[in-house]
Amino acid sequence: MVVVESAGMTDVGCKRAGNEDSFFVSDDLKLYVVADGMGGHQAGEVASRVVIETMKSYMERFADGAEVEELADTDTGLTRESNRMLAAIQLANRSVFSISQARDACRGMGSTVSAVWFTDDSFVAANVGDSPIYLIQGDSIELLSVPHTVLAEQASMAGDDEVQIDEKFRHMLTRGMGVAETVDADICENQCYKGNTFVICSDGLSDKLSPDEILLVVKDEHPERACRRLIDMAKERGGDDNITVIVVRVKKMKRASRGSLISTWLKKISARLQG
């Protein structure tokens, strides 16, 4: 069982009138999500909020260990936990798409999503769009998410991180939540260790601070102080966009007692008998 400490903050920044970012932090669900909305007339705010609320509601279904109906579109090459994360993202995508089709004011709206979910001794990280997920281990920082932008895909094809591209295309997304009826998310699942620290943020932060700068702030600070300092630094450098950041640190890995394992097993047997 993973024991964590976490914090999340959002700020409108220095240039925008409204905040189209949304985030969710739950140490009970062990679920952490950032969504960066896009679309005029506050539609981006609607999109990001729908993403957060839909994923939260879906993942809450599994919180008590009860046997509940899974969504049908699963990938047999992935674990049950990874499939649950993908199902939550697909459900959120369909919700945003449906609203964008039904409301003229929301036409063309969309969002990114980046999420981390902890299971018994591992983590699942998934993303659509360009809101980064970083994993800090000791003195190193690694990008877990896959940026879905024109720039990133051009660089990937060319094998060159210094691809020259017009500034207006640098943040153009190649995938987004609610843009189409279905969406492909990138996902990874790995073992979790004490001291692992995860940073999930919108590009309002990652455009202003390098990964190494994020590492220096986060590695020795409490999550709440780290969030505040990171946002302050982004604003000091212009704060051109909304700024959202979540910091989650694994404090310890706790083995479940035999009694709790038996209790969980009995709950599952009881649920099956009642079904």
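1. Tyr32 and Phe118 are both buried. This is a predicted model, and a search of the whole structure finds 4 aromatic pairs. In one of them, the ring centres of Tyr32 and Phe118 lie 5.9 Å apart with their planes at 75°, so the pair is edge-to-face. The two residues are 86 places apart in the chain and join distant parts of it. Tyr32 sits in strand 3 (residues 31-38), and Phe118 in strand 5 (residues 113-118).

2. Phe123 and Phe198 form another such pair. Their ring centres are 4.8 Å apart and their planes meet at 65°, so this pair too is edge-to-face. Again distant parts of the chain are linked: Phe123 belongs to strand 6 (residues 122-128), Phe198 to strand 10 (residues 197-201), and 75 residues separate them. Phe123 has a relative accessible area of 2%, so it is buried. Phe198 is buried as well, at 0%. Through ring pairs, Tyr32, Phe118, Phe123 and Phe198 are linked into a cluster.

3. Next, Met55. It is part of helix 1 (residues 43-60). Its relative accessible area is 0%, so Met55 counts as buried. Which residues does Met55 contact, leaving aside its neighbours within four places in sequence? They are Leu31, Val33, Met85, Ala88, Ile89, Ala92, Val113 and Ala115. The C-alpha atoms of Met55 and Phe24 are separated by 9.5 Å, with the two residues 31 apart along the chain.

4. Helix 6 (residues 223-236) has 14 residues. At 1.5 Å a residue it should span 20 Å, and its end C-alpha atoms are 20 Å apart, so the two values agree. Its buried residues are Pro223, Ala226, Cys227, Leu230, Ile231, Met233 and Ala234. They cover an arc of only 160° around the axis, so they lie on the same side of helix 6.

5. What does the buried side of helix 6 pack against? The partners of its buried residues are strand 1 (2-11), helix 4 (203-206), helix 5 (211-218) and strand 11 (243-253). The face turned away from the buried side carries the exposed residues Arg225 and Glu236. Just after helix 6, Gly238 has a positive phi of about 125°.

6. Last, the cysteines. Cys106 is buried, with a relative accessible area of 5%. Cys227 is buried at 0%. A disulfide needs two cysteine sulfur atoms within 2.5 Å, and by this rule the count is 0.

Methods:
Residues are numbered from 1 along each chain as its sequence is written. This is a predicted model: local features need pLDDT of at least 70, side-chain atom pairs count only at pLDDT 80 or more; totals for chains, interfaces and linings use all residues. Side-chain values use heavy atoms; hydrogens and water are left out. Buried means under 20% relative accessible area, exposed over 50%, partly exposed in between (1.4 Å probe, protein chains only). Helices (H or I, at least four residues) and strands (E, at least two) are DSSP runs, numbered from the N terminus. The expected span of a helix is 1.5 Å times one less than its number of residues. The arc is that of the directions from the helix axis to the C-beta atoms. Contact means heavy atoms within 4.5 Å. Rings of Phe, Tyr and Trp (its six-membered ring) pair if their centres lie within 6.5 Å; planes under 30 degrees apart count as stacked, over 60 as edge-to-face and the rest as tilted.
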